[in-house]
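Subject: Handing over the two-chain model

Dear colleague,

Please find the structure below, which I am passing on to you.

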Number of protein chains: 2
Amino acid sequence: MSEIKDKSVEQFLTELASRQATPGGGSAAAVMGAQSAALTSMVCNLTIGKPKYAEVESEMQDLLVQSEDLRVKLTEMIKADVDVFDKLMASYGLPKETDNEKADRSLQIQTVLKQATEVPLACAKACSETIKISRIAAEKGNTGVISDAGVAVLAGYAGLKSAALNVYINAGSIKDRQFADEKLAELDKLLQGAEIQTEEIYQMVKDKL
Amino acid sequence: MSEIKDKSVEQFLTELASRQATPGGGSAAAVMGAQSAALTSMVCNLTIGKPKYAEVESEMQDLLVQSEDLRVKLTEMIKADVDVFDKLMASYGLPKETDNEKADRSLQIQTVLKQATEVPLACAKACSETIKISRIAAEKGNTGVISDAGVAVLAGYAGLKSAALNVYINAGSIKDRQFADEKLAELDKLLQGAEIQTEEIYQMVKDKL
């Protein structure tokens, strides 16, 4: 089966809508984050090399390296979400007749649940980075395409909050509460202030239109 | 040139990031709206036919018709945004040597600016619908996939606010202020309460996890 990123946008949307369990919200979160990073890259690309923006040239070059790195990472996360979900389903499907089987299955589920918490947490972290970099694009980028920085922050925020939902689901079923609580605390840190930042960046963009 | 929806997800993201003017934030808004509709469809598809949810069966069937209709519309809007942008660029490129040419060019720009306001307004309207239908999915859908309804509302809201930015840009350059003000009033109506609704639906989902 080919990877989602290699499928057409229309096919991706069709599969997202289908009764198949994957791709689901976790992949959608990664796609939104990747769109955010891509739009910050676009603003950089349309600022670099313009005499009017010579002053921010090197800052935009640096920003572009960051945004492209995030775009690649988030594009890979579309698949990571599907893979870990499939793994989780497979572990729930393990035999549970004997006591040994039950113990093995439970152990396997718990191991995969930890991974299934870390995958959306990594997505949330990357989305949180896209919000930060969109601010620089909004502040210093070519004002002719500044609305794209506004879309970037909205997409990054939606990706962050979407990924958070998948962290909550899986962390909730983890028996190792110390691990789960650590992950939830990391998530809380990422979410802290994200809404206000998003609103600030959006307003900054709107005021420049 | 093939349509964006026919390109791979990765190719779409690469083009979004590039120095080409299209696709840009307008297309990204439509993709987010389409993801929202798709996820509501997914919740419907995974609720319909389950004995546990027999009571909401017909409501979910109706909801699925609406969500699939919105998904198709929003997928088409990815291209509509590119087309109207290209048309706008072409009209700015018209000759402006003689007074006649100047008048013709100005008339043409103003005509296309109206279309370039209506296209993102239609996208904003469709995204606003995706928020409404995601509430029903969150309230009555299969709780096993309820997080997908949460991602649906976030994607729809990000699409709405993103499309709004493109309405603002183009409406601002329209000389027919009555037309522009009417469109801005329509947009305001769509935005009214959208943030609170999104927050409510997100909380409802989070409480069910």
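To begin with chain A: what share of its contacts with a separation of 6 or more comes from residues 24 or more positions apart? The share is 76%, where contact means heavy atoms within 4.5 Å.

Before going further, please keep in mind that this is a predicted model, in which local features need pLDDT of at least 70 and side-chain atom pairs count only at pLDDT 80 or more, whereas totals for chains, interfaces and linings use all residues. Residues are numbered from 1 along each chain as its sequence is written, chains are lettered from A and ligands numbered from 1 in the order in which they are written, and side-chain values use heavy atoms, with hydrogens and water left out.

Overall make-up

Chain A has 7 helices and 0 strands, with helices (H or I, at least four residues) and strands (E, at least two) taken as DSSP runs and numbered from the N terminus. Read from that end, the order of its elements is α-α-α-α-α-α-α, and its C-alpha atoms fill a box of roughly 75 × 35 × 25 Å along the principal axes. Of the 209 residues in chain A, 56% are buried; here buried means under 20% relative accessible area, exposed means over 50%, and partly exposed lies in between (1.4 Å probe, protein chains only).

How the two chains are related

Chain B can be laid on chain A with an RMSD of 0.0 Å by a turn of 180° and a shift of 0.0 Å along the axis, the superposition being by least squares on the C-alpha atoms of residues with pLDDT of at least 70 in both copies. That relation is the one given by a two-fold axis, and in chain B the C-alpha nearest the axis belongs to Ser8(B), at 1.9 Å from it. Because 98% of the interface residues of chain B are also interface residues in chain A, the copies meet through the same surface.

Helix 2 of chain B has 21 residues and reaches 30 Å from its first C-alpha to its last, close to the 30 Å expected at 1.5 Å a residue, where the expected span is 1.5 Å times one less than the number of residues. This helix is mostly covered, in that 21 of its 21 residues are buried. Among them is Gly33(B), in helix 2 (residues 25–45), with a relative accessible area of 0%. Although Gly33(B) and Gly159(B) are 126 residues apart in sequence, their C-alpha atoms are 5.1 Å apart in space. Leaving aside neighbours within four places in sequence, Gly33(B) is in contact with Leu74(B), Cys127(B), Thr130(B) and Ala155(B).

Helix 3 of chain B (residues 57–92) has 36 residues and reaches 52 Å, close to the 52 Å expected.

Cysteines and the core

How many disulfides are there over all chains? The count comes to 0, a disulfide being a pair of cysteine sulfur atoms within 2.5 Å. The sulfur of Cys123(A) is 4.2 Å from the closest cysteine sulfur, in Cys127(A), which is too far for a bond, and the sulfur of Cys44(A) is 17 Å from its closest, also in Cys127(A), again too far. Cys44(A) counts as buried at 0% relative accessibility, and Cys123(A) counts as buried at 4%.

Cys123(A) is also one of the residues that touch the most other members of the largest nonpolar core, which has 126 residues; such a core is a set of buried Ala, Val, Leu, Ile, Met, Phe, Trp, Tyr and Cys residues joined through side-chain atoms within 4.5 Å. Leaving aside neighbours within four places in sequence, Cys123(A) is in contact with Ala29(A), Ala30(A), Leu74(A), Met77(A) and Ala163(A).

With best wishes
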